[in-house]
Structures are given as structure tokens and as C-alpha cells.
Amino acid sequence: MGKILFIADENKQTCDFISLAAESAGYTVIRAYGSADIKAVGRVPDIAVFSAEYSELADSVKPLWDGCRIYFLKDGGTGSNVLSLPIQPAQLADMLSSSELPEDMALDETTARLSVSGKEIALTLNEQELLKYLVLNPNRAFSNEELALEVFGADVNDVQALAGDTAASLARKLEGSSEIWALKHLWGVGYKFEIMI
């Protein structure tokens, strides 16, 4: 069946938003509208998302779903297992980024250091966020405008310039570092993280 995302939330718009992002990242989405729907999952999901109304349900599945990453939806919430409402695309990218990195790549998010085939590359925090998003969406071309909105959010000053400058800097740092992937600048379009094998 592949990767599974389980979501228990009464808000249809929130469910739709999370579901679309998860499905585009290759997840099968199972929605719950009551505790009986837990039986429909069949196996331990990779990710589970619960709203406040389902906190008791979340507590009941924690011991059963070993290895499942559980997140909670919360207005203005913070923390590594909280999705703050309203949800930003970068939050979803972080949550769904459990997708495997290319085999020659390792990312230490605490130090923002990327290792590619044993070579260490220091990244800025913006470069790290952009790389994580691009890796999550391989072989898809993004304009600077799309990257600006989806990675950095609309509330950042001069966000399109930030996205373009960050992508250009990241592409220079990664140029020629791998034989199986590349961050490509597509003239007149934007950028694409291309898997070549």
C-alpha cells in the first residue's frame, strides 16, 4: 500500500488541504470521522494528524501505533509535533519530508550541514528549508513565485527575491556533487530537483 497518512479532524477544508499535499507526496490518506474508523486503517500509518476533538482517540492509538509520527492541529501552536493553524505549506512539507533522501545524501537539520557522498556542505537555514521542499517534490519544476509562496510564505518581505537568491545559492553549492540527482536552474522557469536514475 505504500505510505499512509491518517487524519482525524472535523474541518473538511483542513482535511482536504492536508490530504492533497499528502497524496501529491505519495501517501494514501485515510480520514476518520469517528473512533470506529481506526479499524479501517488496517496497519500502522506512517503519519497521523489529530485535531483537538480527537485528542482522546490520539491517546488511545499511541501505544498501538508504534513508529507512527503523531501530529496535533492547534491554533497558534508550536512544537515539533504540532501543526499550527492556519497550516502553511512549509509546515506540511516538513511533516511529509520523511520521504527518503537520495541514497548519497544525508542532512543534519540541527547543524544545517549536508553530506553528499562524504563531502560536507554548509547550508543556510533558508537553503535547508528549500532543499527539503525540493527533495520532497522531485522532478517538478517550480517558479520563483511558487517556491516563495510554498516554502517561505506570503508574509515575508520581498519573498520572491529571497526564493530566487536562495535557490541560486543552493544550486551553486550543489553543482556537480552527485551523479544521481541535480538541482537544475531552468531558464525562464525556475528550479527543479531532478532525479537522474
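The model described here is predicted.

Strand 6 pairs with strand 7 (residues 113–116) in the antiparallel sense, over four bridges. Within this pairing, Ser115 of strand 7 is the bridge partner of Ala106. The two strands, strand 6 and strand 7, form a hairpin with four residues between them. In the turn, Ala112 has a positive phi of about 55 degrees.

## Aromatic pairs

Five aromatic pairs are present in the structure. One of them joins Phe6 and Phe50: the ring centres are 5.8 Å apart and the planes stand at 55 degrees, so the pair is tilted. Because Phe6 lies in strand 1 (residues 3–8) and Phe50 in strand 3 (residues 47–50), the pair ties together parts that are 44 residues apart in sequence.

Phe6 and Phe50 form one aromatic cluster with Trp65 and Phe72.

## Packing of helix 4 against helix 6

The axes of helix 4 (residues 125–136) and helix 6 (residues 159–174) come within 9 Å and cross at roughly 85 degrees. Helix 4 and helix 6 are therefore roughly perpendicular to each other, since angles of 65 to 115 degrees fall in that class.

On the side of helix 4, the contact is made by Asn126, Glu127, Leu130 and Leu131. Helix 6 contributes Leu162, Thr166, Ala167, Ser169, Leu170, Lys173 and Leu174. By class, the contact of helix 4 with helix 6 has six nonpolar, three polar and two charged residues.

An open sheet is formed by three strands in the order 9-11-10, with antiparallel pairing. Strand 9 (141–142) and strand 10 (181–186) stand at the edges; each has a single partner strand, so one side of each is left without a neighbour in the sheet.

Strand 10 and strand 11 (residues 190–195) run antiparallel and are joined by six bridges. In this pairing, Ala182 stands opposite Glu194 of strand 11. Helix 4 packs on the sheet and touches strand 9, strand 10 and strand 11. The direction of helix 4 makes about 60 degrees with that of strand 11.

Conventions
Residues numbered from 1 in each chain as written. Predicted model: local features only at pLDDT ≥ 70, side-chain atom pairs only at ≥ 80, totals over all residues. Heavy atoms only, no water. Pairing = 2+ DSSP bridges. Phe/Tyr/Trp six-rings, centres within 6.5 Å; stacked < 30°, edge-to-face > 60°. Axes fitted to C-alpha atoms, helices over the stretch in contact; angles between N-to-C directions. Parallel < 35°, antiparallel > 145°, perpendicular 65-115°, else oblique. Contact = heavy atoms within 4.5 Å. Nonpolar A, V, L, I, M, F, W, Y, C, P; charged D, E, K, R; others polar.
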